Amino acid sequence: MDFAVRLLGLPLLTLFVLIALGMWIGSLRVKGISLGSAGVLFVAMLTGLLRDSLPAAWLARSPGALRIPGSLTDLGLVLFVYGVGLHAGPRFFSMFRERGKAFVVVGFVATGVAALVTVALALALGLKPALAAGMFTGALTNMPGLAAVRDLISTLAPNQLGTASASYGIAYPFSIISAVVFVQLMPALLRVSPEQAASEAAEGNAGGRAPLERRHFRVTNPNCDGATIAQFAATGISEAALSRVQHDGQVLAARPETVLHLGDVVRAVGTPEDMRRLATALGHEEEDVFAEGLGGIASEDVVVSRDRAIGRSIGALEPGGRYGVVVTRVRREGIELAPASRLVLEPADVLRVVGHSDDVEAFCEAVGRQERRLEETSLIPFAAGIALGAAVGAIPVPLPGGLQLRLGMGGGAFIVALLLGHTGRIGPMRLYVPNAAKMLARDLGLVVFLAGAGIEAGEQAMSVLRQVGPQVVLAAAVVTLSAIASSVLLMHRVFRWNMLATAGALSAVMTNPPALAAANGLADSDAPAIAFATLYPVSTIAKILLAQGVFLALNLLR
């Protein structure tokens, strides 16, 4: 008996049993639909409900039985949002520049619709302001919003703090499930296959970049006769990379000093627009007449891993002038980039290099061949970033009427992670986190957070239900569905977003990590994660503001 009591009081044992059992339940599929990581939440809620049935003697001897410390729950939330932010940071700002106004509209309009529905239902059903505000944050699964409301309630109505948290816990389950299910049904509802949506997202490269092409041109322009590759590149006519030249039946590497002659055939890699300009400048397009391997020409893919290359532009490395090679392609996190001389290289970029075998070998040794380093996470800037995020989240922002806005630990860590993912450094310290480490931080943080939040919600749910009855559950469901419907209407029908981007953005509107996991599972594409990360900050700020607005509005209207 004593051994059993001690086991129940071990928080880490409780945590990982809940994670294992919840993920197993979440993996079960019914008609193609599964709960995924949300299974952890519901196992944890059931655990919280069952805690009241433990013998009083057990609880007296082990007050922490079947509980997870709040610090662990906070750590899970921070790791999750930090991992998501680091993953999306490299492309967040370019995407926001492209669709910034649309993201602001979606985030505030969808959240505003849910806030208006909450106020209307609270007035019709006679719900207390604190209960309605907590229900609003639970229906939109937003813990930072609940924290902001609790700060406000502690000042104006401290006796209602427990009510807000409990109503959050009651509204939370339906919101989690409905968003996860809706995301998995989205391909059928919108009549777009995940594969088609992934192909469309890849073509757009999540940032409007055109795909690279390889073409061949015969030099027929007399102005190019006798010009070197360096002289032709200096004209700025095209940013395409010229990799090989066939002259008198011999294949040569396109070194800077290589001379072009009438009748030569040039191989080029670039965007369709670059190809159009080359056709005008060089001559007409030809079929591929190159025989691979002739003339000692080699091509190799090298992974950028040496300090001397990381953070420097391709032009600064002087691949042509110093090594006599041509960089024809750059691949970064699944996206192909034009190898412009101004492009700054990042760790794990993959370069396609063309030239004589010895030259290619020398260049690859200079920029790569240390891939093992890319499996290591630089823990000093990683930890410093989380600490900085916690500090940013604690900064109070004064609002009219004496109110204060705080992003909280999760919101602060997310903002800092986006910036670190974009810049790759904290002062002189360079931050590099392998994709596997980002995914581990994201997935482990998510399930730890769900386990802790689920137990807390389960403990409070029954007391609130006894006070207000099932009407609060129905009201919360209406609020959730109003947010989902308005979000999808705006994103898919008004702004015409890609289906996978819509799924990720909906997860952000609902600040629903399990829904994002479901969106990521639809297809092999990072479009959902990028859309989630881009809209998440806007949506979180909107909920923090509007959750307090719901509480204040109901106090004035009562």
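User: Which helices each supply at least two residues of the nonpolar patch?
Analyst: Helices α2 (11–27) and α16 (435–468) do; helices here are DSSP runs of H or I with at least four residues, strands are E runs of at least two, and both are numbered from the N terminus. This is a predicted model, in which local features need pLDDT of at least 70, side-chain atom pairs count only at pLDDT 80 or more, and totals for chains, interfaces and linings use all residues. Residues are numbered from 1 along each chain as its sequence is written, and side-chain values use heavy atoms, with hydrogens and water left out.

User: Which residues make the patch?
Analyst: L12, F16, L440 and L444 make a nonpolar surface patch of about 390 Å². Patch residues have over 30% relative accessible area and no salt bridge, with nonpolar side chains joined within 5 Å; a salt bridge is a side-chain nitrogen of Lys or Arg within 4 Å of a carboxyl oxygen of Asp or Glu. Areas come from the Shrake-Rupley method with a 1.4 Å probe.

User: And L444, where is it placed?
Analyst: L444 lies in helix α16 and, at 35% relative accessibility, counts as partly exposed, that is, between buried (under 20%) and exposed (over 50%).

User: Now α6: why is it largely enclosed by the rest of the structure?
Analyst: Because eleven of the eleven residues of α6 (residues 129–139) are buried, including P129, M135 and F136. After α6 comes T141, with a positive phi near 45°.

User: How many bridges join β6 and β9?
Analyst: Strands β6 (residues 297–303) and β9 (residues 350–356) pair antiparallel over seven bridges; pairing requires at least two bridges found by DSSP. D301 stands opposite R352 in β9.

Conventions:
Patch = residues over 30% accessible without salt bridge, like charges linked within 9 Å, V, L, I, M, F, W, Y side chains within 5 Å. Buried < 20%, exposed > 50% of the residue type's maximum accessible area, 1.4 Å probe, protein only.
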